[in-house]
Each structure stands twice: as structure tokens, then as C-alpha cells.
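I opened this model to note how the chain is put together, and I kept the entries in the order in which I looked things up.

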Amino acid sequence: MDSQHQGDKKEPDAKIAKTEEETSDKEEEEKSAKPPAGSSKSGWKNWKKKESESGEESKITYCHWLLKSEPESRLEKGVDVKFSVDDLKAQPNQTTCWDGVRNYQARNFLRSMKLGQQAFFYHSNCKEPGIVALVKIVKEAYPDHTQFDQKDPHYDSTSRKENPKWSMVDVQFVRMTKRFIPLSEIKAHHLAHKADGGPLKDMMLFSRQRLSIQPLTQEEFDFVLSLEEEKPH
């Protein structure tokens, strides 16, 4: 499902919050140009490992994601970048393009997303950050049109249409989580799991806090989703 409807509106369409750290460093770009990968020593069940004839394991493929967006108004270059889950639900087909990502690692994660994969919709940069909903990828990575729009706060004068620097995907609302899952609760489990080797011990939410697009292992995703069934602490 394409959400190009956003590009048809007269008002600025940069609604996705830029919460990741800024970087234009060439070295960072080259480093992050590699597919997302991590250590295989913990043997988490979701890491899709294909063994070659030599017995070597391939790089990890992430199957789930966490997408941060700001639910409260904040002006960036005169444009309100607020985009809450209610804003997503109000879109045609409850679908939108996830634009405005200007961090190379986050961009590469976007480019790794596959059709149908699910992600947590995470409210960030607000009084109580946390997970509010589930979304799914309905269109894989394609050029982010905001990089070429001089009126957009995420305009990038160094990007060329013949070789676009930035990408976006389309996401569609799936459902609200059964309850709001606050960052504070996820962090408490993360700290406990660091001590006992639980599934959230290496969760990127706590090592790259400002990154707006984050991969999740199947085990991380399943554990966090299970929290919706519990009473809030």
C-alpha cells in the first residue's frame, strides 16, 4: 500500500520526528553501509543463521523493529514534526511514509526492512516515552522525497535524485498495544536481564538511545509484547 498521498498535500509533510543523532561523517556512512549484524555467541532463536558449506554462519537478519516518533508538537525549521499514533490512524488506510530519517545507521535499518515485518510504534521525546502500538511494513525502502524539498526541515542539499542518500518505508497501523508499555518498565527488565542473561540484555534502546529506527530480535520483540498482558508495575 503506497502512501504517496502525503506528497500530494500542500502543507509540509515532514511529520516523522528526527530523534536520532545527526551525522554527516563519511566514516560513519562507510561503517554503517554494511548490513546490520551482531554477535552470534548468545544464540538467540530469532537470528536467522544459514550455514555455508564451510560451516560459517551468515550475518544476522533482524525481523522486527522499533520506530520512534514524537507525539507532542515541536517546531523544526518552522514545521511541526509531531506525529503520534493517532495521527497515523487518521491517515488514509491508516498508512504513512516514514520519512525524515537522517542518520546513516537508521537509514540502513530502514533499507533492511521487509514487507510484512512488524514494528513497535514508540512515542519519544515526551513526558512519558514508551510503546503504544504495532505497525507493519507495507512498502519496502524507496527514496525519501523530503530530501529534495527545500521547504522541508529534512531537506538535504547534498543528495542527488540520480543517487538518493536517504530512504523511507511505508508503515500501516496494526493495533494498539493492550496497554501503554513505558520506557521505565522496559528499562527495569533490561537492567535485570543484563544481570541474568535475559532477552533484553542487549536491547539497542539502551545502547543507542537516540537512534530513531532500531532492530529487535525475535526474542526481544516477543518479550516486550508479552508485557502488554501484565499489570503495570
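I began with contacts, taking a contact as heavy atoms within 4.5 Å: of those in the chain with a separation of 6 or more, 73% are between residues 24 or more positions apart. I noted at once that this is a predicted model, in which local features need pLDDT of at least 70 and side-chain atom pairs count only at pLDDT 80 or more, while totals for chains, interfaces and linings use all residues. Residues are numbered from 1 along each chain as its sequence is written, and side-chain values use heavy atoms, with hydrogens and water left out.

**Overall make-up.** I listed six helices and eight strands, where helices (H or I, at least four residues) and strands (E, at least two) are DSSP runs numbered from the N terminus. Read from the N terminus, the order of elements is α-α-β-β-β-α-β-α-β-β-β-α-β-α. For burial I used relative accessible area with a 1.4 Å probe and protein chains only, calling a residue buried under 20%, exposed over 50% and partly exposed in between; on that scale 50% of the 233 residues in the chain are buried. The accessible surface, from the Shrake-Rupley method with a 1.4 Å probe and, for residues, only the protein chains shown as cover, comes to about 11,700 Å², and carbon and sulfur atoms hold 49% of that surface.

**The sheet.** In which order do the six strands of the open sheet lie? I read β4-β7-β6-β5-β1-β8, with mixed pairing, where two strands pair if DSSP finds at least two bridges between them. The edge strands, each pairing on one side only, are β4 (95-98) and β8 (213-216). From one strand to the next the twist averages 35°, with axes as lines fitted to C-alpha atoms, for helices over the stretch in contact, and angles running from 0 to 180 degrees between N-to-C directions.

I then followed β1 (residues 64-69), which pairs with β8 in the antiparallel sense over four bridges. Leucine 66 stands opposite glutamine 214 of β8, and the bridge partner of leucine 67 in β8 is isoleucine 213. Although β8 is an edge strand, both of its faces are covered, with Ile213 and Pro215 buried on one side and Gln214 and Leu216 buried on the other. On the helical side, I noted that α5 (residues 183-196) lies across β5 (118-123), β6 (130-143) and β7 (167-182), and that α5 runs at about 85° to β7.

**Nonpolar cores.** I took a nonpolar core as a set of buried Ala, Val, Leu, Ile, Met, Phe, Trp, Tyr and Cys residues joined through side-chain atoms within 4.5 Å. Which residues touch the most other members of the largest core? Of its 24 residues they are Leu67, Trp98, Met113, Phe121 and Ile213. At least two residues of this core come from each of β1, α3 (85-89), α4 (104-112), β5, β6 and β7, and β6 gives the largest share, four residues. Apart from this core lies another, of 17 residues, including Tyr122, Ile131, Phe221 and Phe223. Returning to leucine 67, and setting aside its neighbours within four places in sequence, I found it in contact with residues that include Trp98, Met113, Phe121, Val135, Val171 and Ile213.

**Salt bridges.** With a salt bridge as a side-chain nitrogen of Lys or Arg within 4 Å of a carboxyl oxygen of Asp or Glu, I counted nine. Arginine 175 forms one with glutamate 228, the closest N and O atoms being 2.9 Å apart. Arginine 175 lies in β7 and glutamate 228 in the segment after α6 (218-226), so this pair ties together parts that are 53 residues apart in sequence. Arginine 175 is partly exposed at 28% relative accessibility, whereas glutamate 228 is buried at 7%.

Glutamate 76 pairs with arginine 74 at 3.1 Å between the closest N and O atoms, and Glu70 is linked with both in a network of salt bridges. Here glutamate 76 is buried at 12%, while arginine 74 is partly exposed at 25%.

**Loops.** Last, I checked for positive phi in residues other than glycine, and noted asparagine 93 with a value near 60° and asparagine 125 with one near 50°. Asparagine 93 sits in the loop between α3 and β4 and is exposed at 56%, and asparagine 125 sits in the loop between β5 and β6.
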